[in-house]
Amino acid sequence: MHDRDLIDGLRDRLAAAGLSGSFLVRNLATGEEIGIEPDRAYPIASVVKVPLAIAVLEAIRVGRLDGATALEIIPGGGDEQSSPGIAKFAHPVRIAVDDLLYLAIAISDNAAADALFDLVPPAEVDRVLADAGISGIAVRHPMRDLYAVAIDGLNQAGVQVAHAIAVGARTPGGGHPVAQLDLTRANTGTARAIADLLAALWTPSAIHPEVAARTRALLRNALVQRRLGPDFISDSTTWASKSGTLLNLRHDAGVVEHEDGEAYAVVALTESAVPAAAQPAAEALMGHVARSLHDRLRER
């Protein structure tokens, strides 16, 4: 089967499941790639926490921040129902910057990420990416702007309405009445740009080696592995990743390292046309598509 036949077949399976997607798999040693619409931009939801972590770790490295500094965080920022972590706490807490980084990546804690965004604003994260030579990712707002439009406090019928609006309101040019789904106002990126970011963390780049190593360690500790993880986690591989979710958007991006030394960046950004919050079959299909592309590239 030629690559085009494989890609067309995978695209058909995605469409049958109500998914459109941007996928890219890259061999980090050779730069060889295979993908499906890898240059299509999407709002990236919690995947933005990866560049955030890089920017915070760079600020720690140069001495602008101290990772041991403890911040007082008061729960109740409006994200209690959708995000795990501090937002569900019953009492104020003091947490060190280093530990907020762990929470933001390992369990995708939005409150922890927002505490870090207060220290390193979106414009600074954008600058750190530019300094590292990473283009194609735009960081425009903190996480609290996401759950201002999401589904907190809604009953099941309200959740379905929210998803229906998310599915049906996008314009052909990527506009959307919901700012956090509008490509001109949201945190956005492409599969290729996110693969570039992962490559910069796993291979020599303008990102300082200490920052890259600490970010890789954080990504290896991620606990949310329901999308690509089941297709890449094994006794003979190491998988490090970050997922992102907002209404009908489901993303995952990571690096799989094989015991023979080969490593691949794997990125999946998807949008569902099905107005439902829980879609385990769609998430399993994301993993299947990514694994199929990975296996084809690894066979070369």
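**View 1. Of the 300 residues in the protein chain, 55% are buried.** Buried means under 20% relative accessible area (1.4 Å probe, protein chains only). This is a predicted model, in which local features need pLDDT of at least 70, side-chain atom pairs count only at pLDDT 80 or more, and totals for chains, interfaces and linings use all residues. Residues are numbered from 1 along each chain as its sequence is written, and side-chain values use heavy atoms, without hydrogens and water. The protein chain exposes about 12300 Å², by the Shrake-Rupley method with a 1.4 Å probe. Carbon and sulfur atoms supply 54% of that area.

**View 2. Eleven helices and nine strands make up the secondary structure of the protein chain.** Helices (H or I, at least four residues) and strands (E, at least two) are DSSP runs, numbered from the N terminus. Take contacts (heavy atoms within 4.5 Å) between residues at least 6 apart in sequence: 68% join residues at least 24 apart.

**View 3. Strands β1 (residues 19-27) and β2 (residues 33-36) form an antiparallel pair.** Four bridges link the two strands; pairing requires at least two bridges found by DSSP. Valine 25 has isoleucine 34 of β2 as its bridge partner. Five residues lie between the strands of this hairpin. Glycine 31 takes a positive phi near 80° there.

**View 4. Helix α8 (residues 191-202) packs on helix α9 (residues 209-220) at about 115°.** Their axes, lines fitted to C-alpha atoms over the stretch in contact, with angles from 0 to 180 degrees between N-to-C directions, are 8 Å apart. The two helices are therefore roughly perpendicular, a term covering 65 to 115 degrees. Leu198, Leu201 and Trp202 of α8 meet Ala212, Thr215, Arg216, Leu219 and Arg220 of α9.

Note on methods: Buried means under 20% relative accessible area, exposed over 50%, partly exposed in between (1.4 Å probe, protein chains only). Angles under 35 degrees count as roughly parallel, over 145 as roughly antiparallel, 65 to 115 as roughly perpendicular and the rest as oblique.
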